[in-house]
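Opening the notebook on this one.

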Amino acid sequence: MSRHVGGLIALANHDPAAGISQLEGVAAERKRLGLHAGLLWARLDLAAALIGRDAARAADELRQTGIEASAAGAATEQQLAEAGLRRLGVRTWRRSQVSRGEGALDQLSARERQVAVLVAAGNSNPEIANTLFLSRKTVERHVSNVLARTGACNRTDLARLVSKLTAPPEPSPRKNEGAHR
């Protein structure tokens, strides 16, 4: 920890080369020791130090930190890495990582499923609000959540997804039931 703080102090004292060098050493040591949480913070600080000197390398550090934070379930560190990337002008929006298909609707609350079905049926937000006795603002929030959680790009895409996942099974052809009268 003292080396990490030493690197931050060097940066504060306008000695970026020493600060970056110390933070690189801290990151390497924490990686070797398997100290994942500490590694994420060292990489975030290293990326912040690199932003003014080597933006491409800073973006690489932030990307890697975001990936590792996501895998570890470290939401704060992931958000900080993505915020750093956005400051560098790197797009961080990734709808493709959202579950689509079989389990997409299972991620929704019961109310969100109701809203999804009503959206798929072609209802507007005011119509959904009247049907479910909710405010329009609440319906807007539910629709946004449903779109985000299912990975649907818009209401039409959501309708397609809902119809695919809730369609009744095709009836099986009947076998010859005997003589016709």
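This is a predicted model: local features need pLDDT of at least 70, side-chain atom pairs count only at pLDDT 80 or more; totals for chains, interfaces and linings use all residues.

I began just past helix 1, where histidine 14 takes a positive phi of about 60°. Numbering runs from 1 along each chain as its sequence is written, and side-chain values use heavy atoms, with hydrogens and water left out.

I looked up which residues of helix 1 are buried, and got His4, Gly6, Gly7 and Ala10. They span an arc of only 160° around the axis, so they sit on the same side of helix 1. (The arc is taken from the directions from the helix axis to the C-beta atoms.) Buried here means under 20% relative accessible area, exposed over 50%, and partly exposed in between, with a 1.4 Å probe and protein chains only. On the face turned away from the buried side I found the exposed residues Ser2 and Ala12. The buried residues of helix 1 pack against helix 2 (16-33) and helix 3. Helices are DSSP runs of H or I with at least four residues, numbered from the N terminus.

**Helix 1 with helix 3**

How do the axes of helix 1 and helix 3 lie? Helix 1 (residues 2-12) and helix 3 (residues 36-50) have axes that come within 11 Å and cross at roughly 15°. The two are therefore roughly parallel, a label for angles under 35 degrees. I noted the crossing as left-handed, meaning that the near helix is turned anticlockwise from the far one by less than a right angle. From helix 1, His4, Leu8 and Leu11 meet Trp41, Ala42, Asp45 and Ala49 of helix 3; contact means heavy atoms within 4.5 Å. I sorted the residues of this contact into 5 nonpolar, 1 polar and 1 charged.

**Two spots further along**

Histidine 142 is in helix 8 (residues 136-150), and at 16% relative accessibility it counts as buried. Leaving aside neighbours within four places in sequence, I listed Arg111, Glu112, Val115 and Leu134 as the contacts of histidine 142.

Then leucine 158, in helix 9 (residues 155-166). Is leucine 158 buried or exposed? Its relative accessibility is 0%, so leucine 158 counts as buried.

Conventions: Axes are lines fitted to C-alpha atoms, for helices over the stretch in contact, and angles run from 0 to 180 degrees between N-to-C directions. Angles under 35 degrees count as roughly parallel, over 145 as roughly antiparallel, 65 to 115 as roughly perpendicular and the rest as oblique. Ala, Val, Leu, Ile, Met, Phe, Trp, Tyr, Cys and Pro count as nonpolar, Asp, Glu, Lys and Arg as charged, and the others, Gly among them, as polar.
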